[in-house]
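Reader: I am new to this structure and would like to go through its charged pairs. Please show it to me before we start.

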Amino acid sequence: MNIHEYQAKNLLNKYGICVPNGQVIFDANDAELSAWKIESDIAVVKAQIHAGGRGKAGGVKIAKSIDEVKNYAANLLNSMLKTHQTGTEGKLVQRVLIEEGCEIDHEYYIGLVLDRTTSRIAIIASEDGGMDIETIASDYPNRIFKVIIDPMIGLTSFQARSLAMDINIPINLVSEVVSFMFKLYKCFIENDCTIAEINPLVTTKDNRVMALDAKLNFDDNALFRQKDVLKLRDYSEEDSKETEASKHDLSYIALDGNIGCMVNGAGLAMATMDIIQHYGGMPANFLDVGGGATAKKVAEAFKIILSDSKVEGVFVNIFGGIMKCDLIAEGIVQAAKEINLEIPLVVRLEGTNVKIGQEILRNSNLKIETVNSMDQGARIITSLLLKH
């Protein structure tokens with residue numbers, strides 16, 4: 001789960017991390033009042049969307065007067081901001097952060113992530129913070145420093161101080177940056193984060209260390225114990241299909257293809273997408289209905305797949321163990337009749353009650369192509385769509 005920058009900064013502030021003073025607004029009429037609360041000579045007006053690259057896309061403006069704050073806020077609010085992460089459609093700006101500016105001495109990058117190769121938390125740092133950190137990481141990897149944190153010990157003073165020296169933090173601010181790292185690590189652990197990225201972390205002309213921007217992501221599987229974090233969720237920033245799927249305990253991720261996939265088990269789902277692409281097709285989604293789905297849950301999953309206007313055909317690939325094939329078939333038939341299905345549907349069932357499930361599909365009077373293997377199903381659904 002992702003949250004907005006201003007929400008991340010509010011959370012970091014609770015851990016004693018210095019962030020710029022600011023206020024989020026939802027209406028351009030509130031911009032002037034917010035601007036008067038800024039004590040610095042300049043103000044920064046920042047579009048709040050769940051995507052990176054806002055600065056390069058024009059979503060971050062430096063204002064030197066009240067009128068400029070008002071104009072920038074009015075222009076950003078309710079506009080479609082397109083960044084390298086939003087795609088060509090962009091994202092609607094529904095809120096804007098107005099915050100104080102500062103005199104920056106230097107920009108750094110510091111982030112905490114889950115390192116999958118070691119199954120541990122890693123802290124990453126660079127003295128080249130800012131909008132081009134991806135380019136720095138790609139072209140100058142020797143300027144990126146990483147430390148793996150032992151979960152039994154946690155972040156140590158030696159590790160933090162060593163990183164601060166690696167990225168050339170001024171000697172008089174090393175202790176403050178070390179303290180910052182410990183606070184960020186504590187926030188990461190206590191809130192079940194998967195990413196805590198400060199880009200840039202800045203040192204200022206008046207010798208402050210400040211998180212000028214912040215990105216926090218959280219483990220979806222831990223949200224049951226993070227009630228305060230869950231309250232920060234902005235459903236308008238999420239894919240409506242993914243939001244609906246989460247309500248039914250379905251694992252769904254929208255993709256760019258035209259073949260809807262309904263599968264049980266993450267491994268089988270990945271294999272299904274791979275074999276569809278092998279035959280020249282493009283999956284429209286990843287959808288895992290899980291091992292204990294009911295007919296109603298399957299029906300809801302089917303409806304979510306078909307709510308995607310890009311879907312031109314559906315491949316259902318179920319291996320029934322705990323999940324019985326007849327329940328899958330009942331759910332498919334129920335949803336197909338409710339929606340009045342008109343696009344190609346290929347179903348491969350295998351496992352518990354497979355013969356009963358296949359009979360339910362045959363007796364449904366629906367145009368359903370049943371197959372005996374994953375390979376056959378992927379080949380047929382792909383060929384049906386390639387003919388169109």
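**Salt bridges and one buried glutamine**

Author: A search of the whole structure finds 21 salt bridges, a salt bridge being a side-chain nitrogen of Lys or Arg within 4 Å of a carboxyl oxygen of Asp or Glu. The model is predicted, so local features need pLDDT of at least 70 and side-chain atom pairs count only at pLDDT 80 or more, while totals for chains, interfaces and linings use all residues. Residues are numbered from 1 along each chain as its sequence is written, and side-chain values use heavy atoms, with hydrogens and water left out.

Reader: Which residue meets D128 in a salt bridge?

Author: D128 sits in the loop between β8 (120–126) and α4 (133–139), and its partner sits in the loop between α4 and β9 (144–149), 15 residues apart. Helices (H or I, at least four residues) and strands (E, at least two) are DSSP runs, numbered from the N terminus. The side chains come to 2.5 Å, N to O, and the partner is R143.

Reader: Is D128 buried or exposed?

Author: Buried means under 20% relative accessible area, exposed over 50%, and partly exposed in between (1.4 Å probe, protein chains only). R143 has 30% and is partly exposed. D128 has a relative accessible area of 18%, so it is buried.

Reader: How many residues apart in sequence are the parts that D192 and R225 tie together?

Author: D192 and R225 form a salt bridge, with their closest N and O atoms 2.9 Å apart. D192 lies in the loop between α6 (174–190) and β10 (193–204), and R225 in the loop between β12 (215–218) and α7 (227–230). The parts they tie together are separated in sequence by 33 residues.

Reader: What is the distance between the closest N and O atoms of R233 and E238?

Author: R233 counts as partly exposed at 21% relative accessibility, and E238 counts as partly exposed at 22%. The two form a salt bridge, and the closest N and O atoms are apart by 2.8 Å.

Reader: Which residues is Q358 in contact with, leaving aside its neighbours within four places in sequence?

Author: Q358 lies in helix α12 (residues 354–362) and counts as buried at 17% relative accessibility. Contact means heavy atoms within 4.5 Å. With those neighbours left aside, the residues in contact with Q358 are L349 and N372.
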